[in-house]
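I opened this notebook to record what I looked up in the structure, one topic at a time. The entries follow the order in which I worked.

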Amino acid sequence: MAGTQVDTMPTVPPATATDLPPGVEPTDVLWDEVVAGGGYSWGVLPRGARLRLTDTHGDACAALLLHRADHPTERLNVADTVKVQWQAYLGEGALLLSGVGRVLAAVVEDTSGRHDALCGTTTARANEARYGEGAPHTACPNGRDHLALALTKAGRSRREVAPNINLFKGVTVEPDGALTFAGEPRPGAHVELRAEMPLLVSMANVPHPLDRRTAYTATALRVTAWRGDPAAIDDPARTATPEVERAYAATDMEMSR
Amino acid sequence: MTATPFSGEVLHDEVVDARAPWSHVVRSGQSLRIVDLGGNQAVDCVLFVADDPTERYSAPDTIAAQGNAFLTVGSVLLSTEGRPMMTVTGSTVERHDTIGGACSKESNALRYGFHTMAQHACVENFLHEMARHGLDARDLQSNINWFMNVPVDPDGTLGIVDGISAPGLWVEVRAAVDVLVVVSNCPQVNNPCNGFDPTPVRMVVTG
């Protein structure tokens, strides 16, 4: 059995990963994995690491949570993320902010353009209503239970499953507040994040809560992370707006002491 | 409009000072009416299942289930496990916000400058009041902003703009389970959410 290769599994050791983004040295790879549709994964990344998520087959939806790895309570705050940047839609150049005014990660590449910071992920109850089942042991696992498992393994707990973002499936808000889902498959799209602080990354690859298809539809998610540097002191992304400039200044202060 | 009669016996009636926190357990079947006494006063609010506060209000689950980002009459406020906690049974304000989060010293610093770091903020109220119930920063997740107006433009631009509330307007919610309601009567003075003048609100529990 040992040595068996399947489509969805981690690359161990990660330095044996192939088909890497241009310029990435195999010896710098920290994490390489294909997460099955309906699966989850988690990992800890150092400050500066790049994390690339690829929707290889077009129906991945990465429900993503970020916690600061070296702090007990600092984590992604989606409301502050959209409010501080005055922008409800995530894309290249967006920062993922913590609840205490610092940058957890920056979106440095995005070929999808369709993401969601508002709708969170699914629950067992929601999946039972849509698919007839939703618990982790069933064929239709829900996002919340998966994220709770990831955080529990990481030494956290279910109550730390805060609102997440979704990558590769989008939601727009109409003037009357109505939420419009955008989910046509776009195979090959990727998003790359740069960790600006040490991160505990948790993700569930499960159908978006607004995905109305009656069949549980989730395809593989490629996860690749490699060593790198945080935003350089002269990176123009640091001065995009006064809010961004202050967020980086606060992050630099925290990381330098 | 405050003349609108209460549905049942008044069990608790209290005025929350401007800028102050408040908490109360609203039992299953009871209603809570929040009255905006001075007008344009945002009331930030989090909900916990009283028997198991690891289950709490979830803005994402609520808006995804109703397919709309705004809270209005008929909105069912869902928990993190997708369970109904409360229903908005009446409102003399057209809609309320649940995507704008709570103001904090730290987010104010990013939005308005580090000189605002000393100002009081909703997160301070929440953490102070939640600690009385054994809850900490991990438990502060998504919240409701009663009376607050946060439209999203077609290009995604999101702002906290002039309120649509006025003196005497109110919102009423009815509990489906026993709910610990924790409120911050928002002290924000850097944007129009409180008309730049935080004022008291009245909380009336009936049942």
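Entry 1, contacts within chain B. I took the contacts in chain B between residues at least 6 apart in sequence and found that 76% of them join residues at least 24 apart. I note here that the model is predicted.

For the overall extent, I read that the C-alpha atoms of chain B fill a box of roughly 45 × 35 × 35 Å along the principal axes. I then compared the radius of gyration with the globule rule: for 207 residues a compact globule would have a value near 17 Å, and chain B has 16 Å, so the two agree.

Entry 3, secondary structure of chain B. I recorded 3 helices and 10 strands in chain B.

In which order do the 6 strands of the open sheet in chain B stand? I found the order 1-10-3-8-6-5, with antiparallel pairing. I identified strand 1 (10-16) and strand 5 (76-78) of chain B as the edge strands, each of which pairs on one side only. The twist from one strand to the next averages 20°. I then followed strand 5 of chain B to its partner: 3 bridges join it to strand 6 (residues 84-91) of chain B, and the two run antiparallel. Within this pairing, I located Leu77(B) opposite Met86(B) in strand 6 of chain B.

I turned to chain A and found 6 strands forming an open sheet in the order 1-13-3-11-6-5, with antiparallel pairing. Strand 1 (29-35) and strand 5 (95-97) of chain A stand at the edges with a single partner strand each, so one side of each has no neighbour in the sheet. I noted a twist that averages 20° from one strand to the next.

Entry 6, pairings in chain A. I checked strand 1 of chain A against strand 13 (residues 221-226) of chain A and found an antiparallel pairing over 6 bridges. In strand 13 of chain A, Trp226(A) is the bridge partner of Val29(A). Next I took strand 3 of chain A, which pairs with strand 13 of chain A in the antiparallel sense over 5 bridges; here Leu53(A) has Val223(A) as its bridge partner. Strand 3 of chain A also pairs with strand 11 (residues 189-195) of chain A, antiparallel and over 6 bridges. In that pairing I found Arg50(A) bridged to Arg194(A). Finally I asked why strand 3 of chain A counts as largely enclosed by the rest of the structure. The reason is that 5 of the 6 residues of strand 3 (residues 50-55) of chain A are buried.

Entry 7, the contact between the chains. I found that 36 residues from chain B and 35 residues from chain A take part. On the side of chain B that touches chain A, the elements giving two or more residues are helix 1 (59-66) and helix 2 (105-112) of chain B. I sorted the residues of this side of chain B into 13 nonpolar, 15 polar and 8 charged.

Note on methods. Residues are numbered from 1 along each chain as its sequence is written. Chains are lettered from A and ligands numbered from 1 in the order in which they are written. This is a predicted model: local features need pLDDT of at least 70, side-chain atom pairs count only at pLDDT 80 or more; totals for chains, interfaces and linings use all residues. Two residues are in contact if their C-beta atoms, placed from the backbone, lie within 7 Å. Helices (H or I, at least four residues) and strands (E, at least two) are DSSP runs, numbered from the N terminus. Ala, Val, Leu, Ile, Met, Phe, Trp, Tyr, Cys and Pro count as nonpolar, Asp, Glu, Lys and Arg as charged, and the others, Gly among them, as polar. Two strands pair if DSSP finds at least two bridges between them. Axes are lines fitted to C-alpha atoms, for helices over the stretch in contact, and angles run from 0 to 180 degrees between N-to-C directions. A residue is buried if 20 or more other C-beta atoms lie within 10 Å of its own, exposed if 12 or fewer, and partly exposed in between; C-beta atoms are placed from the backbone. The radius of gyration is taken over C-alpha atoms; the globule rule is 2.2 Å times the number of residues to the power 0.38.
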